[in-house]
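The sequence and structure come first, followed by the points grouped by topic.

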Amino acid sequence: MRFGMRVIPNVGYEPKSTSAAVGTNVGNAQKADFAKSATCVAVLDKAVKLLRKNLLYGHRPMVCFFLRQKGVTVVGVCALCKKKRQLKRSHILPQGLYKKTGRSVVPHESNLTTLDFEKDKSFTTSRQHKEHLLCSDCEDLLNRGGENYSIPLLYDESGFGLRDKLNGLNFYKASRGQRIWHESTAREVLDINKIKHFVAGILWKHSVCGIDEIKSNCKHPLGNKFEVRFQDFLLGKEGFPDEALIRVYVDKNAERYPITSFPTRVRISECGRATWVHSFFMPGVRVRTLVGGATKNARQRDPSDIVFYEWTSEGTECLDGVIQQVTSLASN
């Protein structure tokens with residue numbers, strides 16, 4: 001078994017999405033250009049009407065593929081800029097993360113091992129979750145804003161740029177010997193604004209997309225309030241939300257078991273106040289973002305939006321469980 005993998009809560013077809021609709025400017029003359037017969041036109045007309053009404057459910061990917069083959073573009077309101085545009089099939093997790101995960105092993109893998117926790121099985125697939133979500137301008141904004149900079153810093157078999165850069169800096173040592181790099185220190189070698197934009201983009205896309213199967217039974221993990229605040233930050237309208245705090249855990253044992261996962265969330269109580277923690281894995285890194293009132297107490301001690309921690313995946317309960325499960329499922 002290859003150890004380049006991604007972990008998702010459940011695997012299946014993409015359900016309906018309210019963020020996309022087929023444009024109304026597809027006339028009969030245009031259809032005739034790519035339709036080979038009257039039967040094909042009739043099928044296409046029906047598919048367009050169903051897709052507009054969001055009645056396709058589990059068959060949506062197949063119909064969208066059919067429409068793309070016939071030259072029909074999907075037009076709708078972009079989830080980020082809120083303008084009516086032609087929509088791209090946006091990756092919910094950046095496409096570069098799939099490639100990075102595949103390059104974390106030798107030989108490189110394009111088909112990754114996927115865990116389906118609900119069905120207790122593992123399988124190899126090249127599938128990448130996508131949805132008609134963003135226009136091309138907003139796709140480019142997320143790429144330039146943080147993805148193109150941050151993904152190359154993650155671990156693969158050629159090295160681990162993020163860890164190497166932090167190791168050359170002065171650090172604060174916690175009581176357990178853990179090294180910590182605050183935002184002001186990390187800025188010496190890292191473009192912190194792009195890393196924050198990268199993390200915020202992953203959490204926001206995951207929250208607003210219509211693919212329920214990757215959301216652990218929660219339709220809007222960030223909640224409406226923070227979806228808007230993260231959206232404004234991504235667009236450059238506001239700074240990073242003051243009720244959010246990013247903690248990046250940099251693995252000393254990144255070579256052990258590189259994993260990429262969709263975000264999950266858990267509610268905790270910190271300093272007597274409730275807050276949500278949104279966590280996900282990338283090769284060599286675990287990201288935990290606190291969202292809610294309790295972050296104000298943390299910011300009183302340290303005003304950083306983002307803090308980097310030395311960490312080891314060895315002995316981490318959630319990762320050890322994943323490793324045991326994938327080993328067990330693969331042997332069955």
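Buried here means under 20% relative accessible area, computed with a 1.4 Å probe on protein chains only. The model is predicted. A search of the whole structure finds six aromatic pairs.

**Aromatic pairs**

- The ring centres of Y155 and F160 lie 6.1 Å apart with the planes at 75 degrees, so this pair is edge-to-face.
- Both residues of that pair, Y155 and F160, are buried.
- F233 and F240 also form an edge-to-face aromatic pair, with 5.3 Å from centre to centre and 85 degrees between the planes.
- F233 and F240 are both buried.
- F230, F233 and F240 are linked into a cluster by ring pairs.

**Charges over rings**

- R179 places its charged end over the ring of F171, at 5.1 Å from the ring centre.
- The charged end of R265 sits over the ring of W276, 3.8 Å from its centre.

**Strand β17**

- Strand β17 spans residues 306-311 and is mostly covered, with six of its six residues buried.
- I306, F308 and E310 point one way from β17, while V307, Y309 and W311 point the other way, and all are buried.
- Strand β11 (residues 179-181) runs antiparallel to β17 and is joined to it by two bridges.
- Y309 in β17 is the bridge partner of I180.
- Strand β12 (residues 244-251) runs parallel to β17, and six bridges join the two.
- E310 in β17 is the bridge partner of V250.

Definitions and conventions. Residues numbered from 1 in each chain as written. Predicted model: local features only at pLDDT ≥ 70, side-chain atom pairs only at ≥ 80, totals over all residues. Heavy atoms only, no water. Phe/Tyr/Trp six-rings, centres within 6.5 Å; stacked < 30°, edge-to-face > 60°. Buried < 20%, exposed > 50% of the residue type's maximum accessible area, 1.4 Å probe, protein only. Lys NZ or Arg CZ within 6 Å of the ring centre and 35° of its normal. Helix = DSSP H or I, 4+ residues; strand = E, 2+ residues; numbered from the N terminus. Pairing = 2+ DSSP bridges.
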